[in-house]
Structures are given as structure tokens and as C-alpha cells.
Amino acid sequence: MTDDALSRQTEHRSPAPATQDTIVALSTPMGRSGLGVVRLSGPRALAITCQLFRPKAAPSLTPHRATFGTLHEPQTDELVDEAVTTFFPGPHSYTGEDVVEISCHGSPVILRRVVELALELGARLARPGEFTLRAFLNGRLDLTQAEAVRDLIEAQTIYQTKVALRQLHGSLSQMLQPLKQSLIHAIVHLETAVEFADEDVTPESRPSLIGRLDDLLTHLSEIEKTFRTGRIVREGIQLAIVGKPNVGKSSLFNRLLAKDRAIVTEIPGTTRDALSEAASIDGIPVNLIDTAGIRHTTDRVESIGITRSRQAIADADLVLVVLDASQPLDEDDRTVLHDTAKQPRLIVANKNDLPLRWKTADLEAWGVREPPISVSALTGDGLDALKQEILKVVLGGRVHPEDVILTNVRHHRLIVEAMEAVRRAVRALSEGYSEEVALVGLHDALRALGEITGEVTVEDILDQIFSTFCIGK
Ligand code: GDP
């Protein structure tokens with residue numbers, strides 16, 4: 001295969017033929033609000049709008065200009081609403097087609113009527129994500145960018161929006177580009193070796209090619225490693241709070257949530273069930289799990305709670321082991337420390353507002369090497385430091401939304417596939433197999449990377465992705 005043929009294979013897919021249908025949808029949530037926006041996209045978007053909308057001061061709609069006017073029933077000329085309408089001619093619009101946005105009063109009755117009128121005039125109701133799908137099919141966005149649009153809409157914290165925005169600006173695609181180039185380079189060399197086997201052409205030697213592929217694997221594995229952080233950015237940290245009864249777990253839980261959720265009492269063993277609640281620390285979502293105190297008990301209900309606590313500990317990204325600094329350490333503390341020893345954990349010495357009854361050295365005597373973080377759930381002392389420590393441990397220092405982070409399961413799966421395929425190729429080369437065998441692996445890797453950005457797609461992948469969008473996007 002020639003260099004040219006290879007780059008053709010990986011270049012951005014040619015835009016799909018212009019979609020003939022004109023689609024319409026309400027782009028804002030259905031409900032009473034100040035404004036609601038109806039959006040149309042497709043070849044008849046402008047014609048349909050012109051039958052509904054009459055500009056007040058201007059003779060017609062000027063591209064990219066918001067125009068004030070009135071909406072009318074086409075049959076009877078009756079007034080439907082006042083509206084501000086903007087026309088974005090294709091190909092420089094969101095979808096790449098002619099797009100019209102009609103901003104009316106946010107009355108569900110009016111909005112429904114405007115959509116109905118557009119349907120009567122020949123538009124079709126858009127499917128979920130269809131505007132963005134068209135943007136993708138028309139080459140306005142690659143697949144990672146389209147997915148970023150969905151992530152942006154679904155973001156629950158500002159941090160998540162920043163990560164999504166970076167992806168929307170193409171950060172992941174840009175990072176993958178040199179890796180694809182390097183794969184193409186390796187493929188070209190191997191293809192040359194195959195095609196000119198009888199001639200005296202010396203393509204790049206195997207060891208040097210293997211070195212190049214090893215570098216590629218290192219890069220891919222760096223990207224792959226960011227997925228753990230990505231999952232946390234998306235789904236949040238699973239943070240379990242454990243400790244014997246009455247050390248202040250519920251109080252700490254409430255402090256971290258900044259609202260009263262768990263019941264705080266002075267009777268040991270009152271938190272019997274594992275409560276879970278979402279909070280966020282510096283924009284990173286945190287699922288806090290307040291567990292039943294772990295201790296030896298004969299109470300049946302309490303022991304069910306304790307079994308659940310152990311499960312929560314096993315599933316957590318991080319465990320906060322809470323000790324009471326105002327009471328001497330005892331066997332129950334030792335059990336908790338022992339049970340969590342193999343987990344990523346932070347040790348918290350709570351109630352530092354009271355006289356302290358033990359020292360770090362006492363923990364060290366039990367073989368606990370981590371220095372405890374001193375806090376008071378009552379006064380709030382030490383909580384900021386605790387939060388920062390939580391982020392540091394869980395995100396491994398990668399807390400800047402500017403870093404490219406893999407947040408998407410689909411992207412992660414394809415990166416792993418690409419890595420496995422490159423490894424197969426390296427093995428084939430180092431074990432003396434023919435170039436053809438190595439080429440199969442490299443082509444598989446290239447296909448996997450291409451699938452991330454959507455250069456290589458199959459219909460059902462698109463269906464899967466865009467069906468998770470909301471209607472009107
Ligand atoms: P849990 O059983 O571990 O969930 O403990 P709780 O959060 O229910 O707290 C037990 C008792 O300790 C309650 O009376 C809390 O008010 C008290 N407590 C919790 N944290 C602190 C603290 O930092 N300082 C002081 N002085 N009391 C606290």
C-alpha cells in the first residue's frame with residue numbers, strides 16, 4: 001500500500017451526502033420558563049421559517065443576526081407569539097446545514113404549537129442527538145467532539161464542564177494524531193518490505209521499528225492510565241468513611257457534605273446502615289458512604305450493617321479511617337486499621353478540639369505508617385487539608401482540567417484494543433514472523449484509533465452514541 005493510500009484510509013471521512021429531511025425540535029427543556037428555543041436544521045429550515053415568522057423592522061432574516069418579529073398561523077394568519085429568530089446558513093452552522101433558531105416565550109403551549117406548525121410545513125421531529133449527529137456526518141465535529149457536547153450538557157460540576165470543553169476543542173483527537181502518524185509510518189515501512197521483497201531495498205530494520213512501536217506503546221499507555229482519573233471525573237470518587245462507633249463518622253460525613261444527612265447521636269452504633277450521598281470537592285464528584293461502625297457485636301441488625309461496611313470498604317476508591325483523638329486507642333480501632341490496611345486510605349484523627357489522648361507514635365507501634373490527619377468535625381478545623389489530601393490520593397496529582405483525560409468508556413476500550421494490537425505486532429516482529437503478520441496488528445491498531453474520532457465507524461456505533469443525547473441537541 002502506498003503512503004498516499006494509507007493516508008487516504010485515515011483521513012477524515014468524506015462528508016455524508018446532504019440529508020434531505022429538515023428536522024425540528026424544542027432545544028430547551030419542556031416547561032414554563034422565560035424563553036424557549038425551537039431549532040430547525042435542513043434544506044427547508046429557512047423556507048419553513050419564512051411561512052411562520054414575520055420580521056418587525058427588517059424585510060427578511062439576515063444571516064447570523066437575531067431578528068425580532070411575530071409568529072403566525074400560516075392558514076389563518078393568527079398571532080402565535082412574538083419571537084427572536086436567527087438564521088445560520090450552512091455550511092458554517094452547528095450542523096453544517098441551514099439552521100434556524102426561534103426563540104419564543106417559554107410557554108409549553110406556544111412551544112408545542114410552533115413545533116407542530118413546523119411539522120405541518122414539512123419538517124420532521126428530530127431524534128435524540130440528531131442535530132449533533134448531522135454535525136458529525138457533515139464533518140463539523142469528530143466523534144470525540146460530539147461526545148463532548150453530550151458530556152458538557154450532562155456535566156454536574158464545573159470541573160466536568162472544563163474537561164468536556166477541552167475535548168470539544170479537539171484535545172483528544174489532537175493527541176491521537178501523532179500516534180496515528182507513527183503507526184502509518186510503521187505500516188508504510190512494512191508494506192515496502194513486502195512489496196519490494198525481491199529487490200534490494202532495505203526498509204527500516206526490525207529492531208528500529210520495534211523501538212518505534214515501543215515508544216508508541218508508552219504513549220498509548222500514558223493515555224490509558226488517565227482513564228482512572230477520567231472515571232473519577234465522570235462518576236465521582238467512592239469514598240467510604242469507616243471507624244468504630246462514636247468516633248465522629250457521621251459528623252465528618254455531614255461536614256464534607258455541608259448539610260445534615262446522617263443522623264448524629266451520642267448512642268454508639270446508631271448509624272446502622274450505609275448511607276450514600278453525592279457531594280463535590282473542588283468540582284470532583286464524591287459519593288460519600290457513611291458506614292456502620294465496625295466492631296464486634298452480637299446484635300443481628302448491627303452485624304448486617306457491619307457486613308455492608310466491609311463491602312463498601314472493598315468497593316471504595318479511598319477509605320477514610322476515622323479515629324477519636326480524644327479517647328485512648330483500643331482494640332476496635334486496631335481492628336478497623338487492620339481491616340483497611342490493604343486499601344487506599346487516609347487516617348483521620350477526629351475531635352482535635354478536645355484534649356488529645358494518643359500520639360502518632362502509638363499508631364506507629366501498631367505498624368501504621370501513614371501520619372494521621374488531625375481534624376475536628378465539630379469546629380471544621382483541618383477539613384480543607386483533608387479535602388486536598390483526598391483529591392491528591394485519588395487523582396494522583398492529575399487535577400487540572402487542562403490535562404487530557406480519558407473520560408469515556410468507549411475511548412478507553414479502543415485505546416486498550418490499539419495497545420493489544422501493537423503488542424501483537426511487536427511480538428510478531430521480534431519473534432521473526434513475516435511482515436504480513438505484524439501488519440495485521442498494526443492495521444487493527446490504526447482502525448481502533450480511527451474509531452475513537454469516528455474516521456472508521458459502523459452504523460450501530462453511531463446509533464449507540466447519539467441515542468444517549470437529549471432531543472434538540
Ligand atoms: P459516629 O458514630 O462515628 O458516626 O459518630 P457521630 O458523628 O455520631 O458522633 C458521635 C459524637 O461525637 C456526637 O456527640 C458528636 O457530636 C461528637 N463529635 C463528632 N465529632 C466531633 C468533634 O470533632 N469534636 C467533638 N468535641 N465532638 C465530636
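Predicted model: local features only at pLDDT ≥ 70, side-chain atom pairs only at ≥ 80, totals over all residues.
How many residues lie between β1 and β2 in the hairpin that they form? There are 6 residues between the two strands. The chain contains 16 helices and 13 strands.

**The chain as a whole**

- Among contacts in the chain with a separation of 6 or more, 69% are accounted for by residues 24 or more positions apart.

**Strand β1 and its partners**

- Strand β1 covers residues 23-26; Ile23 and Ala25 point one way from the strand, Val24 and Leu26 point the other way, and all are buried.
- β1 pairs with strand β2 (residues 33-41) in the antiparallel sense, over 4 bridges.
- Within this pairing, Val24 has Leu40 of β2 as its bridge partner.
- β1 is also joined to strand β7 (residues 124-125) by 2 bridges, and these two strands run parallel.
- In β7, Arg124 is the bridge partner of Ile23.

**Helix α13**

- Helix α13 consists of 13 residues, 383-395; at 1.5 Å a residue it should span 18 Å, and its end C-alpha atoms are 18 Å apart, which agrees.
- The buried residues of α13 are Leu383, Leu386, Ile390, Leu391, Val394 and Leu395.
- These residues cover an arc of only 140° around the axis, which puts them on the same side of α13.
- Asp384 and Lys392 are exposed, and they are carried on the face of α13 turned away from its buried side.
- Gly396 follows α13 and has a positive phi, near 55°.

- Of the 9 residues of α9, 7 are buried, so the helix is largely enclosed by the rest of the structure.
- The buried residues of α9 are Lys249, Ser250, Leu252, Phe253, Asn254, Leu256 and Leu257.
- Asn246 is located in the loop between β8 (237-242) and α9 (249-257).
- Although Asn246 is not a glycine, its phi is positive, at about 75°.
- Asn246 has a relative accessibility of 37% and therefore counts as partly exposed, since that class lies between the limits of 20% and 50%.

**Backbone features in two further loops**

- His64 is placed in the loop between β3 (53-55) and β4 (66-72).
- His64 is not a glycine, yet its phi is positive, at about 65°.
- The relative accessible area of His64 is 48%, so this residue is partly exposed.
- The peptide bond from Gly90 to Pro91 is cis, and its omega is near 5°.
- Pro91 is found in the loop between β5 (79-88) and β6 (99-106).

Note on methods: Residues numbered from 1 in each chain as written. Heavy atoms only, no water. Expected span 1.5 Å × (residues − 1). Buried < 20%, exposed > 50% of the residue type's maximum accessible area, 1.4 Å probe, protein only. Arc of directions from axis to C-beta. Pairing = 2+ DSSP bridges. Contact = heavy atoms within 4.5 Å.
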